Amino acid sequence: MDASTHTNSQTFIGKEARFGARNYAPVAVVVDHAKDCLVWDVEGREYIDMMSAYSAVSHGHLHPRLVAAAERQLRKVAVTSRAYYGTTLGPFLEKLCQLTGMPRALPMNTGAEAAETAIKCARRWGWKAKGIEDGRQEILVARGNFHGRTSTIISFSSEADYRAGFGPLATGFGHFDFGDMESVKAAAGPNTCAVFVEPIQGEAGVIVPPAGFFKELREWCTANNVLLIIDEVQAGLGRTGKWFAFEHEGIRPDGLVLGKALGGGLLPVSAFLAREDVMEVFSPGSHGSTFGGNALAAAVALEGLKVLEEEGLVARSAQMGEYLIAQLRDVQRASRGLIRDVRGRGLWVGVDVEPSLATARELVERLANAGVLSKETHETVIRFAPPLTITRELIDKAVAALRKVVVQKAAELGLPEHRTDTAQASA
Ligand code: PLP
């Protein structure tokens with residue numbers, strides 16, 4: 001039914017609640033339409049999108065060039081499967097390889113599928129190239145990781161709720177503490193074929209590793225003939241102020257996982273990229289996806305990469321991100337201890353709420369009521385990851401709304417003015 005004939009949010013919320021599985025707990029905003037950084041609900045209320053679908057909408061909602069690319073391709077052909085060649089996949093892969101500096105790419109759809117591809121590739125490389133007995137390959141992952149929701153991926157999650165009751169779980173994973181090289185070394189063994197890691201842990205609460213960790217990890221992986229596979233599903237394509245987060249430490253991974261923004265906010269598009277000799281482990285029939293690299297997805301993704309490049313959105317993310325983080329630290333200083341940390345890189349920021357005073361969810365809901373969309377991760381972190389097209393004016397409006405919410409909550413709690421001692425911003 002068209003939204004215009006049904007303008008009550010509760011109707012739509014009720015239908016999702018009644019007929020949908022209960023695997024999400026959405027904020028009570030029913031999005032009807034959106035344009036760039038703004039979103040409108042079915043009652044016509046306007047919101048600033050400071051979440052951009054967990055970074056999938058980095059280009060802004062319905063970027064006109066992406067919509068035009070989709071429309072052009074929709075008049076030609078959308079899906080052919082990889083049983084045949086097409087006119088859009090090759091150019092998309094070429095552009096992606098140029099931008100990442102990786103020689104080969106394997107297109108999939110969702111982030112989890114690309115992460116699964118990375119896992120399969122690493123294991124097969126461990127067997128074929130490193131001579132590890134098949135079934136004994138081990139991949140090291142970080143505690144607090146998030147790489148998706150498939151049964152293999154949740155097997156190595158350190159989040160009990162993601163795993164409970166979904167056994168039998170996959171084996172062949174060892175854990176290290178994110179950002180701690182000694183912990184990596186302690187977890188490694190002769191069957192270690194890869195380290196699979198996010199450059200910044202997103203779902204864990206936007207955790208930025210100590211400077212130098214990835215450089216050391218790169219050196220250790222090279223010295224020990226272990227693949228370094230970086231999951232930039234959320235961090236990649238400009239989110240952190242560089243094209244790819246690994247560039248912050250001047251390193252190059254052996255394998256790279258991309259998703260989310262790769263689809264330009266229109267379609268699910270992901271990819272696994274790797275070194276020539278690593279990607280070589282896949283032969284016809286050993287891996288694939290019916291929709292992976294379809295003509296429509298490839299047309300949109302190629303245009304999306306061009307938009308990021310031609311509109312200077314990566315530099316913009318660095319610039320606006322710095323501004324956003326500075327503004328949020330200002331709110332932290334005025335929060336009387338309600339906000340205990342602000343951290344991030346580029347347009348990707350976690351605002352850490354003091355758990356004894358409020359939940360992140362409560363503040364996210366108040367912010368939504370004030371016309372700003374954000375999302376909590378775990379109990380304590382409010383995540384801000386607006387489209388890379390965000391303007392300073394919209395950042396100012398969103399931050400002003402957060403300031404109001406925070407100051408009001410602090411007043412309700414009767415927090416004393418002087419509680420700025422805990423409000424020391426972390427680097
Ligand atoms: N990897 C990372 C780092 C992610 O943040 C996510 C999703 O948040 C995924 C993989 C999974 O992506 P998808 O939800 O598209 O399967």
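1. P168 sits in the loop that runs between α7 (160–163) and β6 (173–176), where helices (H or I, at least four residues) and strands (E, at least two) are DSSP runs numbered from the N terminus. The peptide bond that joins G167 and P168 is cis, with an omega of about 0°. This is a predicted model, in which local features need pLDDT of at least 70 and side-chain atom pairs count only at pLDDT 80 or more, while totals for chains, interfaces and linings use all residues. Residues are numbered from 1 along each chain as its sequence is written, and side-chain values use heavy atoms, with hydrogens and water left out.

2. As background to both points, most residues other than glycine have a negative phi, and most peptide bonds are trans.

3. The chain is divided into domain 1 (3–62 + 313–426) and domain 2 (64–310), with bounds that come from an automatic or database domain assignment. The C-alpha centres of domain 1 and domain 2 lie 27 Å apart, and 28 residues of domain 1 are in contact (heavy atoms within 4.5 Å) with 30 residues of domain 2.

4. How much area do domain 1 and domain 2 bury between them? The value is about 2500 Å², 61% of it on carbon and sulfur atoms, where buried area is the accessible area (1.4 Å probe) that two parts lose on being put together, summed over both. H59, R345 and W348 supply 32% of the area that domain 1 buries against domain 2, more than any other three residues.

5. Between the two domains the count is one salt bridge, meaning a side-chain nitrogen of Lys or Arg within 4 Å of a carboxyl oxygen of Asp or Glu. E203 forms a salt bridge with R383, and their closest N and O atoms are 2.8 Å apart.

6. The ligand is surrounded by residues that have a heavy atom within 4 Å of it, among them E203, D231, Q234 and K260. A polar side-chain atom of D231 lies 2.7 Å from a nitrogen atom of the ligand, whereas for Q234 a polar side-chain atom lies 2.7 Å from an oxygen atom of the ligand. In the side chain of K260, an N or O atom is 2.8 Å from an oxygen atom of the ligand.

Key:
Polar contact = N/O pair within 3.5 Å; in protein donor to acceptor, adjacent residues only side chain to side chain.
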